[in-house]
Amino acid sequence: MYYPNKLRSGTKFTALIPALIMLTLFAFAVVLFDIRGGLAVMFVSFTLFSVFSFFLYLRTHNSSFLAGSLMQLLFGLYFASVPRGIFPFPDERMAWFLYLCGIVIGVWMVILVVGKRKNKFKGREVFELAARATELSADGFTDRPRPAGKSTYTRDELMGFAEYIRRNLIALPYREEDRVVFVPIRMGDEYHFNFSPDSFRQGRTWIALDFHGNVTVSMSKSDYLAYKEELSFDQLCSNLGQLFIKFMEYYKKGEEERIVYQLNELKLSQWM
Amino acid sequence: MNFQQAAILGYYISKDYAEDLFRLLATYQSISASEAASRLEVHIKTAQDFLEAMNDLGFLEKEEVYEKKRPYFRYKLKVKRISMEIDLTPLFPKTTTDDRTQLRIRERKNAGARFTTARNNQYISNVVIWIGQGRERTERRINLTNPQGQFLFHLPFPSADFLSVQEIMNKAEVDPSNQSEILDIADTLIEYGIIEVSD
């Protein structure tokens with residue numbers, strides 16, 4: 001089914017910036033030194049990417065980042081161990097073996113990323129779904145959180161749900177004393193989140209599910225202004241809360257696949 | 001005695017020279033402000049203000065005296081006992097079933113107030129309101145009781161439908177015994193333009 005997007009176009013190419021910097025540095029190193037210098041740049045860059053991806057994996061428990069980290073590490077080692085690299089293997093076949101391993105993991109990556117959209121941060125999809133069937137209404141914004149209803153679940157179910165939401169990059173759960181706060185994350189936000197998860201949540205939209213079943217929503221002004229039209233703020237917050245209540249229902253019934261299916265059904269760009 | 005009179009009496013009676021001044025008034029047939037000031041080593045204006053205030057409250061008798069120079073006042077103590085009794089009855093809500101609970105309200109659009117949520121709880125802990133314009137702008141923080149915080153937590157958003165105070169109280173599960181404090185915060189926020197009332 002086709003739904004017109006309610007959010008402004010938000011294509012972000014921030015993910016390409018590190019790659020562009022790496023290629024620029026590589027070119028400079030080759031020109032200023034030789035191919036060995038360029039390969040050293042590639043080794044350092046890929047190792048850093050690998051560390052970054054590994055931290056993302058630790059923070060999200062999403063397997064696509066582990067695959068990415070392994071692939072980047074193998075590529076880094078490959079660039080270091082080729083005959084003209086900084087730590088050449090005596091046997092060139094060893095470097096080719098690393099390269100081959102990198103390719104195999106790369107294929108796994110492509111399946112996860114393109115086929116299953118595993119590494120897509122789905123905050124944008126969450127906001128799109130919340131905006132469906134929301135009426136227009138001007139000047140409705142308030143920074144006050146809104147009680148969005150009640151749900152029934154056990155503490156274990158909530159923790160399991162939080163883990164599922166985290167692993168599928170729908171939102172980032174923050175455990176508090178008597179509730180879990182979910183902060184939807186969008187493509188391009190991963191840098192801020194990965195470097196500083198605590199400051200990441202400041203001033204952002206959140207959905208809180210407490211251990212008594214209360215669901216509360218707070219939408220940030222920047223997220224509200226990201227919509228093309230002035231939507232009813234009250235309905236938007238209510239829908240966001242109801243969306244998470246519905247997700248929780250799916251999770252409780254063991255139908256959590258529906259959550260990802262609904263989000264992926266919007267078919268938003270991988271870069272948004 | 002009304003609140004204003006009680007406040008004046010309280011203010012002057014709390015001064016450390018008050019007892020000495022009353023002792024002088026009790027000792028002398030009548031005394032002028034300058035005599036009392038020189039006797040107690042306080043400024044004449046201080047003694048004057050005290051005696052005038054006590055006169056206004058009806059505890060002293062004031063007499064204008066003419067001598068060689070310009071006229072002045074002499075004060076005479078009229079009473080031997082001062083009692084302060086304040087009637088708080090008018091401050092209580094008129095009835096327990098106040099019609100104002102039927103007021104239909106919601107948060108005003110672009111109210112400009114900041115609501116702070118109590119950490120990990122389902123209520124608002126305080127509201128910050130900005131009063132005035134430009135450099136004259138001042139911040140007013142209202143700390144809320146728990147029932148008030150629960151009530152405001154359930155206050156309809158600016159784009160939502162109006163709800164009556166009673167409906168919001170029911171939704172927020174606020175005990176009816178807290179009605180007067182709920183109406184008080186609602187009235188205050190209506191006055192500051194944070195809450196709007198349906199026509």
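Helices (H or I, at least four residues) and strands (E, at least two) are taken here as DSSP runs, numbered from the N terminus. On this basis, chain A of the predicted model contains 11 helices and 5 strands. Along the principal axes, the C-alpha atoms of chain A occupy a box of roughly 65 × 40 × 40 Å. Chain A has 272 residues, of which 40% count as buried. When contacts in chain A between residues at least 6 apart in sequence are considered, 70% of them link residues at least 24 apart.

Two helices of chain A were examined as a pair. Two packed helices are described by the angle between their axes and the distance between the axes. Helix α1 of chain A spans residues 17-32 and helix α2 of chain A spans residues 35-60; their axes come within 7 Å and cross at roughly 160 degrees. Because angles over 145 degrees count as roughly antiparallel, α1(A) is roughly antiparallel to α2(A). The crossing of α1(A) past α2(A) is right-handed. On the α1(A) side, the residues that meet α2(A) include A:Met22, A:Leu25, A:Phe26 and A:Ala29. Their partners in α2(A) include A:Gly37, A:Gly38, A:Val41 and A:Phe49. By class, this contact of α1(A) with α2(A) comprises 12 nonpolar and 3 polar residues, with no charged residues.

Chain A also touches chain B, in a contact formed by 18 residues from chain A and 14 residues from chain B. On the side of chain A, at least two residues each are supplied by β1 (146-150), β5 (214-218) and α10 (233-252). By class, this side of chain A has 9 charged, 6 polar and 3 nonpolar residues.

Terms used. Residues are numbered from 1 along each chain as its sequence is written. Chains are lettered from A and ligands numbered from 1 in the order in which they are written. This is a predicted model: local features need pLDDT of at least 70, side-chain atom pairs count only at pLDDT 80 or more; totals for chains, interfaces and linings use all residues. Two residues are in contact if their C-beta atoms, placed from the backbone, lie within 7 Å. Ala, Val, Leu, Ile, Met, Phe, Trp, Tyr, Cys and Pro count as nonpolar, Asp, Glu, Lys and Arg as charged, and the others, Gly among them, as polar. A residue is buried if 20 or more other C-beta atoms lie within 10 Å of its own, exposed if 12 or fewer, and partly exposed in between; C-beta atoms are placed from the backbone. Axes are lines fitted to C-alpha atoms, for helices over the stretch in contact, and angles run from 0 to 180 degrees between N-to-C directions. Angles under 35 degrees count as roughly parallel, over 145 as roughly antiparallel, 65 to 115 as roughly perpendicular and the rest as oblique. A crossing is left-handed if the near helix is turned anticlockwise from the far one by less than a right angle, and right-handed if clockwise.
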